Amino acid sequence: MLVLERDKLGSGTTKGGLGGIRHQFVDELDIRMSQLATAFWRNFEDRTGSRHEFEERGYLFIANSEEGVAQLREPMPLYERMRAAVRMVNRVEVAELVPGIRTDDVFGGRFGARDGYGDPLAALAGFAAAAQLDGASFREGIEVDSLLRDGDRVTGVRTASGDVRAERVLLATGCWTAALAATAAVPVPIWPYRRSIMQSGPLPQLARIPLVIEWESGFHFRPKGAAQRFAMPNITTDGKEEKGPTDAPAAFPGEFAPLEVPPSLEPWVRARAAWRHPAFADLVITDSWSCYYEMTPDDHPIVGAVPGVAGLYIAAGFSGHGFMHAPATGQLVVEEMLDGRARSIDIRDLSLERFQTGRRPFKAAVL
Ligand SMILES: Cc1cc2nc3c(=O)[nH]c(=O)nc-3n(C[C@H](O)[C@H](O)[C@H](O)COP(=O)(O)OP(=O)(O)OC[C@H]3O[C@@H](n4cnc5c(N)ncnc54)[C@H](O)[C@@H]3O)c2cc1C
């Protein structure tokens, strides 16, 4: 196996993610992916020989309204059927899970005990080291300019340092996939949507809490060592909170917004944080950055063989949850590449084909 990376491994969206790992989705396929992935995250050290910081401390959603609590309750029968270890919690339990958190405006919440968070770059380093020991080669600083296609099959890739012939090519190129796939005349509806993260100075008293998400506002926080990391919705020019893109672009990939952190975000985060927990009063933001979500029209990834082009596969477009599902995605796409069909989970619904055939509508909530 040969991996060609135009920059450095992890330099795409992976370096910018929050590292959250959850089972609290509203579509059964997503929960199955989380279960398969979490089995790997739990045994990461045995499976790869490397450490990463998977902390199974849970995801806590909190709602500020009766309507929000009702929305959180809706998928509970699905979680029970899937044995996903998710439960509704009241204000007292919220305060037990996050000591000191403000709860006088909290109507209730939902807690996933098997959820948690990890470190995307540390995990990537572990995967890459294990793959290398198993014989994979990695070449950084090599950009694939185009795919080589002969009739109805892919035959390799073209780079500035020459062609590389291959029977199978996997595009795992995140929000840059549409442009590359277009070189083989394959339309792929993936586009970039900028999101940002901020990090505080040390707050060791909160180092062991779950990842917390305000359901209505989309404000998140989680410990990262002794610091806290914050994720937030985008703020539109008229001051509205926007948790995800309103529309797909007319043509893919569309525009890449500059990777700066919009100045409107820090005051918003400081205000939300100070409201939610007294430890966040006078918050010191020590770092902040932006990266792109790789969005698809139904907020679900494209994983599997490209119909009509033998040997070409895609694993991209994770729409905000590509890190948590990475071990499952890797396993499933390799099963499909080697055996013609993913065996561990039926992923036909994730095929690129669905955008032509409308195979089934997914349920999703962009966080
Ligand atoms: C702010 C933010 C918060 C997030 N939080 C979470 C979270 O809590 N949990 C979660 O699971 N996910 C989260 N995500 C999403 C997650 O980070 C991504 O889904 C995941 O990192 C995507 O990984 P990838 O390997 O598909 O893409 P990328 O990491 O973008 O990798 C694609 C790689 O392809 C390379 N490349 C592109 N084109 C070419 C070419 N032509 N030739 C060679 N190389 C090329 C790029 O350089 C890049 O390194 C978050 C994302 C953001 C932006």
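The model is predicted: local features need pLDDT of at least 70, side-chain atom pairs count only at pLDDT 80 or more, and totals for chains, interfaces and linings use all residues. Residues are numbered from 1 along each chain as its sequence is written, and side-chain values use heavy atoms, with hydrogens and water left out.

**The ligand**

Helices (H or I, at least four residues) and strands (E, at least two) are DSSP runs, numbered from the N terminus.

A polar backbone atom of Gly20 is 2.8 Å from an oxygen atom of the ligand, and one of Val144 is 2.9 Å from a ligand nitrogen atom. The protein buries 92% of the 1000 Å² that the ligand exposes when taken alone; such areas come from the Shrake-Rupley method with a 1.4 Å probe, and for residues only the protein chains shown count as cover.

**Salt bridges**

The structure holds 19 salt bridges. A salt bridge is a side-chain nitrogen of Lys or Arg within 4 Å of a carboxyl oxygen of Asp or Glu. The table lists three of them.

| Pair | N to O distance |
|---|---|
| Lys224 and Asp119 | 2.7 Å |
| Glu266 and Arg270 | 3.7 Å |
| Asp298 and Arg354 | 2.7 Å |

Lys224 and Asp119 are both buried; buried means under 20% relative accessible area, exposed over 50%, and partly exposed in between (1.4 Å probe, protein chains only). Glu266 and Arg270 are 4 residues apart in helix H8 (residues 265-276), so about one helical turn separates them. Asp298 is buried because its relative accessible area is 16%, and Arg354 is buried at 4%.

Arg229 belongs to strand S15 (residues 227-231). Arg229 is buried yet has no salt bridge, and the nearest side chain of opposite charge, Asp119, is 6.1 Å away. Lys and Arg count as positive and Asp and Glu as negative; His and the chain ends are not counted.

Ser351 sits in the loop between helix H9 (326-339) and helix H10 (354-357). Its relative accessibility is 11%, so Ser351 counts as buried. Leaving aside neighbours within four places in sequence, Ser351 is in contact (heavy atoms within 4.5 Å) with Val303 and Ala305.

How values were computed
Polar contact = N/O pair within 3.5 Å; in protein donor to acceptor, adjacent residues only side chain to side chain.
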